[in-house]
Amino acid sequence: MRGVNVLESNTNELADHLFRREAGKMVASLTRFFGSKHLELAEDVVQDTLLKAMQEWPFKGIPDNPEAWLHRVARNGVIDKLRRDARGLDLLRENAVLLRSEWTLAATVHSELNASAISDDQLRMFFACCHPSLAPEQQVALALKTLCGFGVPEIARAFVTSEETINKRLYRAREAFRALGQLEIPQGAELNDRLGSVLSTIYLLFNEGYNATRHENLIREDVIEEALRLCQLLLDHPTTQRPEVHALLALMIFHAARSEARIDTDGAIVLLQDQDRSQWDRALIALGNEHLSRASAGELFTTYHLEAIIASLHANAITYASTDWRSITRMYDELFRMKPSPIVALNRAIAVAEVDGPLRGLDELDRITGLEQQHLFHAVRGDLLQRAGRNREARAAFEHALRLTSSPMEHELLTRKLQTTEKAGP
Amino acid sequence: MSKYMFLFRGGMNPQTSSPEQMQANMMKWKVWMDTLASSGQMLAGEPLEGGGKLLTGRARKITDGPFAESKEVVGGYLIVEAKSLDDATDLSKTCPIFENDGSVEVRPVQVMSM
(Lines give C-alpha, C1' and ligand atoms only; values in the text may rest on other atoms or scores of the structure.)
Protein backbone atom coordinates (compact mmCIF):
# COMPACT_ATOMS: atom_id res chain seq x y z
CA MET A 1 0.00 0.00 0.00
CA ARG A 2 1.73 3.12 -1.16
CA GLY A 3 -0.81 5.36 0.56
CA VAL A 4 1.07 5.77 3.76
CA ASN A 5 4.38 6.98 2.51
CA VAL A 6 2.82 10.28 1.67
CA LEU A 7 5.93 12.20 0.75
CA GLU A 8 7.70 9.58 -1.31
CA SER A 9 9.97 10.78 -4.09
CA ASN A 10 10.57 9.07 -7.40
CA THR A 11 13.41 8.77 -9.82
CA ASN A 12 12.02 11.39 -12.18
CA GLU A 13 13.52 14.25 -10.16
CA LEU A 14 10.10 15.34 -9.07
CA ALA A 15 7.94 13.90 -6.31
CA ASP A 16 4.75 12.21 -7.45
CA HIS A 17 1.74 14.47 -7.07
CA LEU A 18 3.97 17.50 -6.40
CA PHE A 19 1.76 19.83 -8.46
CA ARG A 20 -1.39 18.50 -6.85
CA ARG A 21 -0.01 18.70 -3.30
CA GLU A 22 1.50 22.15 -3.73
CA ALA A 23 -1.66 23.38 -5.47
CA GLY A 24 -3.58 22.36 -2.33
CA LYS A 25 -1.15 24.20 -0.07
CA MET A 26 -1.06 27.32 -2.22
CA VAL A 27 -4.85 27.51 -2.53
CA ALA A 28 -5.11 27.19 1.27
CA SER A 29 -2.59 29.97 1.89
CA LEU A 30 -3.97 32.30 -0.75
CA THR A 31 -7.54 31.78 0.40
CA ARG A 32 -6.56 32.64 3.96
CA PHE A 33 -4.80 35.73 2.58
CA PHE A 34 -7.62 36.94 0.34
CA GLY A 35 -10.55 35.76 2.46
CA SER A 36 -13.11 33.11 1.54
CA LYS A 37 -15.01 35.25 -0.94
CA HIS A 38 -11.96 35.25 -3.21
CA LEU A 39 -11.56 31.48 -3.43
CA GLU A 40 -11.74 31.58 -7.24
CA LEU A 41 -9.08 34.27 -7.38
CA ALA A 42 -6.79 32.10 -5.24
CA GLU A 43 -7.45 29.12 -7.51
CA ASP A 44 -6.73 31.23 -10.62
CA VAL A 45 -3.39 32.43 -9.27
CA VAL A 46 -2.43 28.84 -8.46
CA GLN A 47 -3.50 27.59 -11.89
CA ASP A 48 -1.38 30.32 -13.53
CA THR A 49 1.54 29.31 -11.33
CA LEU A 50 1.32 25.68 -12.42
CA LEU A 51 1.01 26.80 -16.04
CA LYS A 52 4.25 28.77 -15.73
CA ALA A 53 6.01 25.74 -14.27
CA MET A 54 4.62 23.54 -17.01
CA GLN A 55 5.94 25.88 -19.67
CA GLU A 56 9.27 26.89 -18.17
CA TRP A 57 10.62 23.78 -16.48
CA PRO A 58 11.05 21.70 -19.63
CA PHE A 59 13.12 24.51 -21.16
CA LYS A 60 15.05 25.66 -18.11
CA GLY A 61 15.18 22.52 -16.03
CA ILE A 62 13.40 21.71 -12.79
CA PRO A 63 14.47 24.15 -10.07
CA ASP A 64 16.56 22.85 -7.15
CA ASN A 65 13.67 23.53 -4.82
CA PRO A 66 10.52 23.14 -6.91
CA GLU A 67 8.17 23.77 -3.98
CA ALA A 68 9.85 27.09 -3.15
CA TRP A 69 9.78 28.07 -6.83
CA LEU A 70 6.03 27.45 -7.05
CA HIS A 71 5.27 29.35 -3.86
CA ARG A 72 7.43 32.30 -4.95
CA VAL A 73 5.74 32.50 -8.35
CA ALA A 74 2.33 32.29 -6.63
CA ARG A 75 3.26 35.17 -4.30
CA ASN A 76 4.34 37.20 -7.31
CA GLY A 77 1.01 36.36 -8.90
CA VAL A 78 -0.73 37.74 -5.82
CA ILE A 79 1.35 40.92 -6.00
CA ASP A 80 0.39 41.36 -9.66
CA LYS A 81 -3.30 40.99 -8.89
CA LEU A 82 -3.09 43.48 -6.04
CA ARG A 83 -1.04 45.94 -8.04
CA ARG A 84 -3.76 45.93 -10.67
CA ASP A 85 -6.70 46.31 -8.32
CA ALA A 86 -6.12 46.13 -4.58
CA ARG A 87 -9.08 48.39 -3.80
CA GLY A 88 -11.47 46.47 -6.05
CA LEU A 89 -10.75 43.25 -4.18
CA ASP A 90 -12.09 44.83 -1.00
CA LEU A 91 -9.99 42.66 1.28
CA LEU A 92 -11.27 42.05 4.78
CA ARG A 93 -8.17 42.84 6.72
CA GLU A 94 -6.77 45.44 9.04
CA ASN A 95 -3.66 46.17 7.02
CA ALA A 96 -5.38 46.50 3.63
CA VAL A 97 -3.74 49.90 3.21
CA LEU A 98 -0.32 48.23 3.10
CA LEU A 99 -1.47 46.26 0.08
CA ARG A 100 -2.52 49.39 -1.78
CA SER A 101 0.85 51.11 -1.61
CA GLU A 102 3.72 50.09 -3.84
CA TRP A 103 6.03 50.94 -0.91
CA THR A 104 4.75 48.08 1.19
CA LEU A 105 2.88 45.75 -1.16
CA ALA A 106 5.56 43.18 -1.99
CA ALA A 107 7.04 43.02 1.50
CA THR A 108 3.59 42.55 3.04
CA VAL A 109 2.65 39.75 0.65
CA HIS A 110 5.95 37.93 1.15
CA SER A 111 5.76 38.13 4.92
CA GLU A 112 2.10 37.10 5.13
CA LEU A 113 2.43 34.19 2.75
CA ASN A 114 5.43 32.53 4.33
CA ALA A 115 6.15 28.86 4.23
CA SER A 116 5.97 28.33 7.99
CA ALA A 117 2.25 29.16 7.99
CA ILE A 118 1.29 26.54 5.41
CA SER A 119 0.18 23.76 7.74
CA ASP A 120 -1.98 26.20 9.72
CA ASP A 121 -3.40 27.45 6.43
CA GLN A 122 -4.28 23.93 5.36
CA LEU A 123 -5.98 23.28 8.65
CA ARG A 124 -8.00 26.50 8.42
CA MET A 125 -8.97 25.60 4.87
CA PHE A 126 -10.00 22.12 5.97
CA PHE A 127 -12.22 23.44 8.75
CA ALA A 128 -13.75 25.91 6.30
CA CYS A 129 -14.45 23.18 3.72
CA CYS A 130 -16.16 21.17 6.49
CA HIS A 131 -18.23 24.10 7.74
CA PRO A 132 -21.77 23.03 8.75
CA SER A 133 -23.27 25.35 6.12
CA LEU A 134 -22.01 22.89 3.48
CA ALA A 135 -23.68 19.50 2.99
CA PRO A 136 -21.36 16.50 3.60
CA GLU A 137 -21.01 15.59 -0.08
CA GLN A 138 -20.22 19.25 -0.84
CA GLN A 139 -17.59 19.29 1.92
CA VAL A 140 -15.83 16.27 0.47
CA ALA A 141 -15.95 17.57 -3.10
CA LEU A 142 -14.64 21.00 -2.10
CA ALA A 143 -11.86 19.57 0.07
CA LEU A 144 -10.75 17.29 -2.76
CA LYS A 145 -10.80 20.16 -5.25
CA THR A 146 -9.15 22.89 -3.20
CA LEU A 147 -7.17 21.24 -0.42
CA CYS A 148 -6.07 18.11 -2.26
CA GLY A 149 -5.71 19.64 -5.73
CA PHE A 150 -7.85 17.14 -7.65
CA GLY A 151 -9.49 18.11 -10.94
CA VAL A 152 -13.23 17.76 -11.52
CA PRO A 153 -12.89 14.70 -13.80
CA GLU A 154 -10.70 13.01 -11.17
CA ILE A 155 -13.23 13.67 -8.40
CA ALA A 156 -16.03 12.41 -10.64
CA ARG A 157 -14.11 9.18 -11.25
CA ALA A 158 -13.40 8.71 -7.54
CA PHE A 159 -17.12 9.02 -6.78
CA VAL A 160 -18.20 7.13 -9.90
CA THR A 161 -20.45 9.97 -10.92
CA SER A 162 -20.63 12.53 -13.71
CA GLU A 163 -18.54 15.66 -13.95
CA GLU A 164 -21.78 17.60 -14.11
CA THR A 165 -22.82 16.27 -10.69
CA ILE A 166 -19.46 17.23 -9.19
CA ASN A 167 -19.61 20.67 -10.80
CA LYS A 168 -23.04 21.22 -9.28
CA ARG A 169 -21.81 20.17 -5.84
CA LEU A 170 -18.80 22.43 -6.14
CA TYR A 171 -20.93 25.34 -7.29
CA ARG A 172 -23.16 25.09 -4.22
CA ALA A 173 -20.19 24.44 -1.96
CA ARG A 174 -18.43 27.55 -3.23
CA GLU A 175 -21.49 29.71 -2.64
CA ALA A 176 -21.59 28.69 1.01
CA PHE A 177 -17.81 28.88 1.32
CA ARG A 178 -17.63 32.45 0.02
CA ALA A 179 -19.90 33.61 2.84
CA LEU A 180 -17.54 32.34 5.55
CA GLY A 181 -15.24 35.38 5.56
CA GLN A 182 -11.89 34.98 7.26
CA LEU A 183 -10.72 31.41 7.68
CA GLU A 184 -10.08 30.39 11.29
CA ILE A 185 -9.17 27.29 13.25
CA PRO A 186 -12.10 27.01 15.69
CA GLN A 187 -11.31 27.25 19.38
CA GLY A 188 -12.83 26.04 22.64
CA ALA A 189 -16.28 24.48 22.62
CA GLU A 190 -16.80 25.20 18.94
CA LEU A 191 -13.73 23.12 18.14
CA ASN A 192 -15.42 19.93 19.43
CA ASP A 193 -18.37 20.18 17.06
CA ARG A 194 -16.35 21.33 14.11
CA LEU A 195 -13.69 18.66 14.62
CA GLY A 196 -16.47 16.06 14.52
CA SER A 197 -17.51 17.14 11.07
CA VAL A 198 -13.88 17.29 9.87
CA LEU A 199 -13.36 13.71 11.06
CA SER A 200 -16.51 12.46 9.40
CA THR A 201 -15.40 14.09 6.14
CA ILE A 202 -12.08 12.26 6.37
CA TYR A 203 -13.86 8.97 7.07
CA LEU A 204 -16.28 9.54 4.21
CA LEU A 205 -13.35 10.25 1.91
CA PHE A 206 -11.57 7.13 3.09
CA ASN A 207 -14.60 4.91 2.60
CA GLU A 208 -15.12 6.32 -0.86
CA GLY A 209 -11.60 5.24 -1.72
CA TYR A 210 -11.68 1.99 0.20
CA ASN A 211 -14.86 0.31 -0.93
CA ALA A 212 -13.19 -1.33 -3.85
CA THR A 213 -16.29 -2.75 -5.42
CA ARG A 214 -15.91 -0.39 -8.33
CA HIS A 215 -13.19 0.31 -10.86
CA GLU A 216 -10.51 2.98 -11.21
CA ASN A 217 -8.08 1.63 -8.67
CA LEU A 218 -5.45 4.29 -9.11
CA ILE A 219 -7.62 7.27 -8.33
CA ARG A 220 -9.07 5.39 -5.37
CA GLU A 221 -5.61 4.83 -3.91
CA ASP A 222 -4.97 8.54 -4.24
CA VAL A 223 -8.17 9.25 -2.33
CA ILE A 224 -7.20 6.84 0.48
CA GLU A 225 -3.80 8.49 0.60
CA GLU A 226 -5.40 11.92 0.94
CA ALA A 227 -7.67 10.76 3.75
CA LEU A 228 -4.62 9.49 5.66
CA ARG A 229 -2.69 12.68 4.92
CA LEU A 230 -5.50 14.96 6.11
CA CYS A 231 -5.81 12.96 9.32
CA GLN A 232 -2.05 13.26 9.83
CA LEU A 233 -2.37 17.00 9.23
CA LEU A 234 -4.71 17.19 12.23
CA LEU A 235 -2.28 15.20 14.36
CA ASP A 236 0.58 17.50 13.41
CA HIS A 237 -1.20 20.50 14.91
CA PRO A 238 -1.34 20.96 18.71
CA THR A 239 -4.99 22.12 18.67
CA THR A 240 -6.27 19.02 16.90
CA GLN A 241 -3.83 16.44 18.28
CA ARG A 242 -6.58 14.54 20.05
CA PRO A 243 -7.31 10.94 20.99
CA GLU A 244 -10.27 10.57 18.62
CA VAL A 245 -8.07 11.70 15.72
CA HIS A 246 -5.56 8.98 16.61
CA ALA A 247 -8.48 6.54 16.76
CA LEU A 248 -9.67 7.47 13.27
CA LEU A 249 -6.15 7.23 11.85
CA ALA A 250 -5.63 3.84 13.53
CA LEU A 251 -8.93 2.61 12.09
CA MET A 252 -8.04 3.69 8.56
CA ILE A 253 -4.51 2.29 8.81
CA PHE A 254 -5.81 -1.14 9.92
CA HIS A 255 -8.07 -1.22 6.88
CA ALA A 256 -5.33 0.04 4.57
CA ALA A 257 -2.96 -2.67 5.88
CA ARG A 258 -5.37 -5.34 4.64
CA SER A 259 -6.36 -3.72 1.37
CA GLU A 260 -3.97 -5.62 -0.93
CA ALA A 261 -5.22 -8.98 0.28
CA ARG A 262 -8.87 -8.11 -0.41
CA ILE A 263 -8.50 -8.41 -4.17
CA ASP A 264 -6.81 -11.31 -5.94
CA THR A 265 -4.62 -11.03 -9.04
CA ASP A 266 -7.69 -11.36 -11.28
CA GLY A 267 -9.40 -8.45 -9.52
CA ALA A 268 -11.89 -10.68 -7.68
CA ILE A 269 -12.98 -10.04 -4.08
CA VAL A 270 -11.32 -12.26 -1.46
CA LEU A 271 -13.36 -12.68 1.72
CA LEU A 272 -11.79 -12.10 5.13
CA GLN A 273 -11.74 -15.83 5.98
CA ASP A 274 -9.96 -16.64 2.72
CA GLN A 275 -7.41 -13.84 2.76
CA ASP A 276 -3.71 -14.64 2.76
CA ARG A 277 -2.75 -12.94 6.00
CA SER A 278 0.92 -12.92 5.04
CA GLN A 279 -0.07 -10.22 2.53
CA TRP A 280 -1.24 -7.95 5.30
CA ASP A 281 1.18 -5.11 5.87
CA ARG A 282 2.71 -5.83 9.29
CA ALA A 283 4.49 -2.48 9.50
CA LEU A 284 1.19 -0.68 8.96
CA ILE A 285 -0.56 -2.84 11.53
CA ALA A 286 2.18 -1.90 14.03
CA LEU A 287 1.63 1.76 13.17
CA GLY A 288 -2.11 1.27 13.66
CA ASN A 289 -1.49 -0.30 17.07
CA GLU A 290 0.64 2.68 18.01
CA HIS A 291 -2.09 5.17 17.09
CA LEU A 292 -4.68 3.06 18.86
CA SER A 293 -2.67 3.15 22.07
CA ARG A 294 -2.37 6.93 21.78
CA ALA A 295 -6.12 7.07 21.19
CA SER A 296 -6.73 5.62 24.62
CA ALA A 297 -5.24 8.63 26.41
CA GLY A 298 -7.95 10.61 28.16
CA GLU A 299 -11.59 9.99 28.93
CA LEU A 300 -13.11 10.39 25.52
CA PHE A 301 -14.42 7.24 23.89
CA THR A 302 -15.86 7.65 20.40
CA THR A 303 -17.28 5.36 17.75
CA TYR A 304 -13.90 5.72 16.00
CA HIS A 305 -12.32 4.14 19.07
CA LEU A 306 -14.70 1.19 18.88
CA GLU A 307 -14.30 0.72 15.15
CA ALA A 308 -10.52 0.96 15.52
CA ILE A 309 -10.52 -1.68 18.28
CA ILE A 310 -12.64 -4.00 16.12
CA ALA A 311 -10.31 -3.45 13.16
CA SER A 312 -7.30 -4.10 15.39
CA LEU A 313 -8.77 -7.39 16.64
CA HIS A 314 -9.07 -8.51 13.03
CA ALA A 315 -5.69 -7.15 11.97
CA ASN A 316 -3.81 -8.72 14.88
CA ALA A 317 -5.50 -12.14 14.65
CA ILE A 318 -3.11 -14.79 13.32
CA THR A 319 -5.92 -16.77 11.65
CA TYR A 320 -9.61 -16.26 10.99
CA ALA A 321 -10.46 -19.05 13.44
CA SER A 322 -8.35 -17.55 16.23
CA THR A 323 -10.02 -14.15 15.91
CA ASP A 324 -11.36 -12.89 19.23
CA TRP A 325 -15.00 -12.87 18.14
CA ARG A 326 -16.25 -12.56 21.70
CA SER A 327 -14.53 -9.21 22.16
CA ILE A 328 -15.63 -8.13 18.69
CA THR A 329 -19.26 -8.92 19.60
CA ARG A 330 -18.95 -6.86 22.78
CA MET A 331 -17.49 -3.95 20.80
CA TYR A 332 -20.38 -4.15 18.34
CA ASP A 333 -22.85 -4.16 21.25
CA GLU A 334 -21.29 -0.93 22.47
CA LEU A 335 -21.03 0.55 18.98
CA PHE A 336 -24.71 -0.21 18.35
CA ARG A 337 -25.58 1.53 21.60
CA MET A 338 -23.68 4.66 20.45
CA LYS A 339 -24.63 4.47 16.78
CA PRO A 340 -27.73 2.33 16.29
CA SER A 341 -27.48 1.83 12.55
CA PRO A 342 -28.62 -1.28 10.67
CA ILE A 343 -25.12 -1.69 9.16
CA VAL A 344 -23.64 -1.92 12.66
CA ALA A 345 -26.36 -4.44 13.54
CA LEU A 346 -25.46 -6.47 10.44
CA ASN A 347 -21.79 -6.61 11.40
CA ARG A 348 -22.80 -7.50 14.93
CA ALA A 349 -24.90 -10.40 13.64
CA ILE A 350 -21.87 -11.76 11.75
CA ALA A 351 -19.80 -11.66 14.96
CA VAL A 352 -22.62 -13.31 16.95
CA ALA A 353 -22.76 -16.12 14.37
CA GLU A 354 -19.02 -16.73 14.84
CA VAL A 355 -19.44 -17.00 18.62
CA ASP A 356 -22.81 -18.73 18.98
CA GLY A 357 -23.36 -20.31 15.59
CA PRO A 358 -25.24 -19.38 12.39
CA LEU A 359 -28.73 -19.87 13.83
CA ARG A 360 -28.11 -17.22 16.52
CA GLY A 361 -26.68 -14.97 13.80
CA LEU A 362 -29.83 -15.46 11.72
CA ASP A 363 -31.98 -14.52 14.73
CA GLU A 364 -30.05 -11.26 14.97
CA LEU A 365 -30.44 -10.65 11.23
CA ASP A 366 -34.21 -11.11 11.45
CA ARG A 367 -34.40 -8.17 13.84
CA ILE A 368 -32.74 -5.76 11.42
CA THR A 369 -34.92 -3.46 9.36
CA GLY A 370 -33.87 -0.98 6.71
CA LEU A 371 -31.40 -3.14 4.77
CA GLU A 372 -33.94 -4.99 2.58
CA GLN A 373 -32.59 -3.23 -0.51
CA GLN A 374 -28.90 -3.82 0.32
CA HIS A 375 -27.25 -6.75 -1.43
CA LEU A 376 -24.87 -7.13 1.52
CA PHE A 377 -27.70 -8.01 3.90
CA HIS A 378 -28.93 -10.82 1.66
CA ALA A 379 -25.39 -12.03 0.96
CA VAL A 380 -24.68 -12.34 4.70
CA ARG A 381 -28.03 -14.06 5.20
CA GLY A 382 -27.16 -16.51 2.42
CA ASP A 383 -23.83 -17.29 4.10
CA LEU A 384 -25.42 -17.97 7.47
CA LEU A 385 -28.20 -20.08 5.94
CA GLN A 386 -25.63 -22.10 4.04
CA ARG A 387 -23.62 -22.67 7.20
CA ALA A 388 -26.81 -23.78 8.93
CA GLY A 389 -27.26 -26.34 6.14
CA ARG A 390 -30.35 -24.61 4.71
CA ASN A 391 -29.10 -24.59 1.12
CA ARG A 392 -32.39 -23.94 -0.63
CA GLU A 393 -32.98 -20.76 1.40
CA ALA A 394 -29.32 -19.78 1.01
CA ARG A 395 -29.66 -20.02 -2.75
CA ALA A 396 -32.71 -17.73 -2.69
CA ALA A 397 -30.85 -15.21 -0.53
CA PHE A 398 -27.84 -15.15 -2.86
CA GLU A 399 -30.14 -14.74 -5.86
CA HIS A 400 -31.86 -11.87 -4.10
CA ALA A 401 -28.47 -10.25 -3.39
CA LEU A 402 -27.47 -10.68 -7.05
CA ARG A 403 -30.51 -8.74 -8.19
CA LEU A 404 -29.52 -5.82 -5.94
CA THR A 405 -25.90 -5.23 -6.94
CA SER A 406 -24.59 -3.52 -10.03
CA SER A 407 -20.94 -4.05 -9.18
CA PRO A 408 -19.26 -6.60 -11.46
CA MET A 409 -16.94 -7.71 -8.66
CA GLU A 410 -19.81 -8.30 -6.22
CA HIS A 411 -21.69 -10.04 -8.98
CA GLU A 412 -18.82 -12.41 -9.57
CA LEU A 413 -18.47 -13.17 -5.84
CA LEU A 414 -22.19 -13.88 -5.41
CA THR A 415 -22.23 -16.11 -8.47
CA ARG A 416 -19.38 -18.14 -6.96
CA LYS A 417 -21.36 -18.51 -3.72
CA LEU A 418 -24.47 -19.50 -5.58
CA GLN A 419 -22.51 -22.26 -7.32
CA THR A 420 -21.33 -23.68 -3.97
CA THR A 421 -24.94 -23.96 -2.79
CA GLU A 422 -25.88 -25.77 -5.98
CA LYS A 423 -23.06 -28.27 -5.55
CA ALA A 424 -24.13 -28.91 -1.99
CA GLY A 425 -27.69 -29.84 -2.92
CA PRO A 426 -30.83 -28.71 -1.05
CA MET B 1 24.09 19.67 -40.30
CA SER B 2 21.41 22.33 -40.67
CA LYS B 3 19.24 24.28 -38.32
CA TYR B 4 15.49 23.94 -38.08
CA MET B 5 12.88 25.81 -36.12
CA PHE B 6 9.99 24.08 -34.39
CA LEU B 7 6.97 26.28 -33.79
CA PHE B 8 4.50 24.88 -31.26
CA ARG B 9 0.81 25.67 -31.45
CA GLY B 10 -2.00 24.60 -29.13
CA GLY B 11 -1.49 21.72 -26.71
CA MET B 12 -2.80 21.21 -23.23
CA ASN B 13 -5.51 23.61 -22.12
CA PRO B 14 -4.48 24.72 -18.64
CA GLN B 15 -7.96 26.03 -17.83
CA THR B 16 -9.48 22.57 -17.90
CA SER B 17 -6.49 20.54 -16.70
CA SER B 18 -5.85 19.28 -13.19
CA PRO B 19 -2.53 19.78 -11.39
CA GLU B 20 -1.85 16.06 -11.83
CA GLN B 21 -2.35 16.28 -15.59
CA MET B 22 -0.20 19.41 -15.78
CA GLN B 23 2.62 17.73 -13.91
CA ALA B 24 2.45 14.68 -16.17
CA ASN B 25 2.46 16.91 -19.25
CA MET B 26 5.37 18.95 -17.92
CA MET B 27 7.40 15.78 -17.27
CA LYS B 28 6.76 14.50 -20.79
CA TRP B 29 7.99 17.75 -22.32
CA LYS B 30 10.99 17.75 -20.05
CA VAL B 31 11.96 14.19 -20.99
CA TRP B 32 11.51 15.03 -24.68
CA MET B 33 13.64 18.16 -24.48
CA ASP B 34 16.27 16.47 -22.29
CA THR B 35 16.64 13.84 -25.02
CA LEU B 36 17.14 16.53 -27.66
CA ALA B 37 19.60 18.38 -25.46
CA SER B 38 21.65 15.31 -24.52
CA SER B 39 22.10 14.34 -28.17
CA GLY B 40 23.33 17.89 -28.79
CA GLN B 41 20.47 18.62 -31.19
CA MET B 42 18.73 21.33 -29.18
CA LEU B 43 20.38 24.68 -29.81
CA ALA B 44 17.89 27.14 -28.32
CA GLY B 45 14.29 27.57 -27.38
CA GLU B 46 11.87 29.47 -25.17
CA PRO B 47 8.21 29.28 -24.24
CA LEU B 48 6.18 32.37 -25.17
CA GLU B 49 3.77 34.20 -22.90
CA GLY B 50 0.17 34.50 -23.95
CA GLY B 51 -0.83 37.90 -25.21
CA GLY B 52 1.35 40.54 -26.86
CA LYS B 53 0.86 43.04 -29.68
CA LEU B 54 0.31 42.74 -33.38
CA LEU B 55 1.47 45.58 -35.63
CA THR B 56 0.14 45.76 -39.18
CA GLY B 57 0.29 47.97 -42.24
CA ARG B 58 2.14 51.06 -43.14
CA ALA B 59 0.37 52.81 -40.28
CA ARG B 60 1.72 50.17 -37.89
CA LYS B 61 -1.72 49.63 -36.54
CA ILE B 62 -1.38 48.03 -33.11
CA THR B 63 -3.80 45.40 -31.85
CA ASP B 64 -3.65 43.24 -28.74
CA GLY B 65 -2.93 39.56 -28.88
CA PRO B 66 -3.67 36.71 -28.55
CA PHE B 67 -4.40 36.78 -32.20
CA ALA B 68 -6.71 33.90 -32.84
CA GLU B 69 -8.10 30.80 -31.25
CA SER B 70 -5.68 29.36 -28.71
CA LYS B 71 -4.86 26.39 -30.89
CA GLU B 72 -3.43 28.78 -33.48
CA VAL B 73 -1.30 30.77 -31.09
CA VAL B 74 2.42 30.00 -31.07
CA GLY B 75 3.22 28.86 -27.53
CA GLY B 76 6.97 28.43 -27.93
CA TYR B 77 9.80 27.58 -30.27
CA LEU B 78 12.91 25.44 -30.47
CA ILE B 79 15.95 25.61 -32.73
CA VAL B 80 17.30 22.15 -33.42
CA GLU B 81 20.12 20.75 -35.47
CA ALA B 82 19.42 17.91 -37.89
CA LYS B 83 20.83 16.34 -41.04
CA SER B 84 17.81 17.08 -43.17
CA LEU B 85 14.27 18.34 -43.09
CA ASP B 86 13.12 14.73 -42.94
CA ASP B 87 15.29 14.06 -39.89
CA ALA B 88 14.03 17.22 -38.21
CA THR B 89 10.46 16.17 -38.97
CA ASP B 90 11.14 12.76 -37.44
CA LEU B 91 12.44 14.45 -34.29
CA SER B 92 9.25 16.47 -33.97
CA LYS B 93 7.06 13.37 -34.22
CA THR B 94 7.80 12.35 -30.63
CA CYS B 95 6.78 15.76 -29.24
CA PRO B 96 4.21 15.43 -26.41
CA ILE B 97 2.12 18.25 -27.89
CA PHE B 98 0.33 15.75 -30.14
CA GLU B 99 -1.26 14.06 -27.13
CA ASN B 100 -3.26 17.26 -26.64
CA ASP B 101 -4.14 18.00 -30.26
CA GLY B 102 -1.37 20.55 -30.72
CA SER B 103 0.78 21.01 -33.80
CA VAL B 104 4.44 21.47 -34.65
CA GLU B 105 5.55 23.49 -37.66
CA VAL B 106 9.04 22.49 -38.83
CA ARG B 107 10.87 25.19 -40.79
CA PRO B 108 14.42 25.11 -42.14
CA VAL B 109 16.44 28.10 -40.99
CA GLN B 110 17.71 29.77 -44.14
CA VAL B 111 21.44 29.47 -44.75
CA MET B 112 22.93 32.80 -45.78
CA SER B 113 24.88 32.48 -49.01
CA MET B 114 28.26 34.16 -48.92
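**Figure 1. The contact between chain A and chain B.** In this predicted model, 22 residues of chain A and 17 residues of chain B form the contact. Residues are in contact if their C-beta atoms, placed from the backbone, lie within 7 Å. On the side of chain B that touches chain A, helix H1 (19-38) and strand E2 (42-47) of chain B are the elements that give two or more residues. H1(B) gives the most, with 11 residues. Helices (H or I, at least four residues) and strands (E, at least two) are DSSP runs, numbered from the N terminus. By class, this side of chain B holds 8 nonpolar, 6 polar and 3 charged residues. Ala, Val, Leu, Ile, Met, Phe, Trp, Tyr, Cys and Pro count as nonpolar, Asp, Glu, Lys and Arg as charged, and the others, Gly among them, as polar. Residues are numbered from 1 along each chain as its sequence is written, while chains are lettered from A and ligands numbered from 1 in the order in which they are written. Because the model is predicted, local features need pLDDT of at least 70 and side-chain atom pairs count only at pLDDT 80 or more, whereas totals for chains, interfaces and linings use all residues.

**Figure 2. Overview of chain B.** Chain B has 2 helices and 6 strands. Along the sequence they follow the pattern β-α-β-β-β-β-α-β. The C-alpha atoms of chain B fill a box of roughly 50 × 40 × 20 Å along the principal axes. Of the 114 residues in chain B, 25% are buried. A residue is buried if 20 or more other C-beta atoms lie within 10 Å of its own, exposed if 12 or fewer, and partly exposed in between, with C-beta atoms placed from the backbone. Among contacts in chain B with a separation of 6 or more, 74% join residues 24 or more positions apart.

**Figure 3. The open sheet of chain B.** Four strands line up in the order E2-E5-E1-E6 (chain B), with antiparallel pairing. E2 and strand E6 (103-108) of chain B stand at the edges with a single partner strand each, so one side of each lacks a neighbour in the sheet. Neighbouring strands are turned by 15 degrees against each other on average, direction ignored. Strands pair if DSSP finds at least two bridges between them. Strand E1 (residues 2-9) and strand E5 (residues 74-82) of chain B share 8 bridges in the antiparallel sense. Helix H2 (residues 85-93) of chain B lies across E1, E5 and E6 of chain B and runs at about 160 degrees to E6(B). Axes are lines fitted to C-alpha atoms, for helices over the stretch in contact, and angles run from 0 to 180 degrees between N-to-C directions.

**Figure 4. A hairpin and two loop residues in chain B.** Strand E3 (residues 53-56) and strand E4 (residues 61-64) of chain B run antiparallel, joined by 4 bridges. Thr56(B) stands opposite Lys61(B) in E4(B). The two strands form a hairpin with 4 residues between them, and Gly57(B) in the turn has a positive phi of about 75 degrees. Arg60(B) lies in the loop between E3 and E4 of chain B. Arg60(B) is not a glycine, yet has a positive phi of about 50 degrees. Arg60(B) is exposed, with 7 other C-beta atoms within 10 Å. Asp101(B) is found in the loop between H2 and E6 of chain B. Asp101(B), also not a glycine, has a positive phi of about 60 degrees. Asp101(B) counts as exposed, with 11 C-beta neighbours inside 10 Å.

**Figure 5. H1 against H2 in chain A.** The axes of helix H1 (residues 18-34) and helix H2 (residues 39-60) of chain A come within 8 Å and cross at roughly 140 degrees. That makes H1(A) oblique to H2(A). Angles under 35 degrees count as roughly parallel, over 145 as roughly antiparallel, 65 to 115 as roughly perpendicular and the rest as oblique. Residues of H1(A) in the contact include Phe19(A), Met26(A) and Phe34(A), while those of H2(A) include Leu39(A), Val46(A) and Leu50(A). The contact residues divide into 12 nonpolar, 2 polar and 1 charged.

**Figure 6. H9 beside H11 in chain A.** The axes of helix H9 (residues 188-210) and helix H11 (residues 243-257) of chain A come within 11 Å and cross at roughly 0 degrees. H9(A) is therefore roughly parallel to H11(A). Tyr203(A) and Phe206(A) are among the contact residues of H9(A), and Leu248(A) and Met252(A) among those of H11(A). This contact has 8 nonpolar, 1 polar and 1 charged residues.

Conventions
Contact = placed C-beta atoms within 7 Å.
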